[in-house]
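Visitor: I am new to this structure and would like to go through it by question and answer. Please show it first.

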Amino acid sequence: MILTGMVQYGVRQVAESLQQMTSVERVLEYTDLEQESEINKQPPPSWPTHGQVEFKDLSLCYDPNNPPVLKHLNITIEPSWKVGVVGRTGAGKSSLIGALFRLSHLEGDIIVDGIETGSISLEALRSKISIIPR
């Protein structure tokens with residue numbers, strides 16, 4: 001009985017050690033990420049005023065060497081519209097949000113109230129836009 005308890009304790013300690021090492025590996029990977037290019041242009045202080053969002057021929061790739069996960073997307077969301085994005089697993093719901101916040105490589109334009117989001121600083125963009133997950 002004592003030997004069984006010691007083996008269980010040893011297995012638990014090894015599992016916890018592996019879990020901690022996985023966390024360390026992730027932190028090391030994050031420190032090796034490529035810096036996002038910084039644009040210092042600021043939008044007007046009151047931007048966005050109306051809330052029109054337009055995706056023009058937008059394609060999104062998580063890795064430039066792989067095919068896009070969103071392909072040639074064209075959507076216009078008018079001010080005061082309430083929009084829900086629904087779909088099956090893998091349909092691109094999270095990718096659409098990632099594109100809006102410029103979290104991945106984009107081709108095409110996202111225009112919010114007449115300002116192309118790729119032309120302003122990431123800090124300004126991400127501080128002025130929010131989502132409400134449901």
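Visitor: Which elements each supply at least two residues of the lining of the largest pocket?

Guide: This is a predicted model. The largest pocket holds about 940 Å³ of space. Its lining counts 24 residues, and those closest to the centre are Val83, Ile97, Leu100, Ser130 and Ile131. The elements that each give at least two residues to this lining are β1 (53-61), β2 (70-77) and α2 (93-100).

Visitor: Which element gives the most to that lining, and with how many residues?

Guide: By class, the lining of the largest pocket is made of 16 nonpolar, 4 polar and 4 charged residues. The element that gives the most to this lining supplies 5 residues, and that element is α2.

Visitor: Which strand gives the largest share of the lining of the second largest pocket?

Guide: The second largest pocket has a volume of about 510 Å³. Among its 19 lining residues, Arg102, Leu103, Ser104, His105 and Leu106 lie nearest the centre. The classes in this lining are 7 nonpolar, 7 polar and 5 charged. The largest share, 5 residues, comes from residues 105-112, strand β3.

Visitor: Is Arg102 buried or exposed?

Guide: Arg102 sits in the loop between α2 and β3. Phi of Arg102 is near 55 degrees, a positive value in a residue other than glycine. Buried means under 20% relative accessible area. At 13% relative accessibility, Arg102 therefore counts as buried.

Visitor: And Ser80, buried or exposed?

Guide: Ser80 belongs to the loop between β2 and α2. Ser80 is not a glycine, yet has a positive phi of about 70 degrees. Exposed means over 50% relative accessible area. With a relative accessibility of 71%, Ser80 therefore counts as exposed.

Visitor: What kind of peptide bond joins Trp47 and Pro48?

Guide: Most peptide bonds are trans. Pro48 is placed in the loop between α1 (2-31) and β1. At the bond joining Trp47 and Pro48, omega is about -10 degrees, and the bond is cis.

Visitor: What pattern does the protein follow, read along the sequence?

Guide: The protein has 3 helices and 4 strands. Read along the sequence, they give the pattern α-β-β-α-β-β-α.

Visitor: Why is the protein said to be more spread out than a compact globule?

Guide: The C-alpha trace spans about 70 × 35 × 30 Å along its principal axes. For 134 residues the globule rule gives 14 Å; the protein is more spread out than a compact globule because its radius of gyration is well over that, at 22 Å.

Visitor: What percentage of the residues of the protein count as buried?

Guide: The accessible surface of the protein comes to about 10400 Å², of which 56% belongs to carbon and sulfur atoms. Residues count as buried under 20% relative accessible area. Of the 134 residues, the share that counts as buried is 23%.

Terms used: Residues numbered from 1 in each chain as written. Predicted model: local features only at pLDDT ≥ 70, side-chain atom pairs only at ≥ 80, totals over all residues. Heavy atoms only, no water. 1 Å grid on protein atoms, 1.4 Å probe; cavity = no way out; pocket = protein on both sides within 12 Å on 5 of 7 lines; lining within 4 Å. Points joined across faces, edges and corners; volume = space filled by probe spheres on them. Nonpolar A, V, L, I, M, F, W, Y, C, P; charged D, E, K, R; others polar. Rg over C-alpha atoms; globule rule 2.2 N^0.38 Å. Buried < 20%, exposed > 50% of the residue type's maximum accessible area, 1.4 Å probe, protein only. Areas by Shrake-Rupley, 256 points an atom, 1.4 Å probe, with all protein chains shown as cover.
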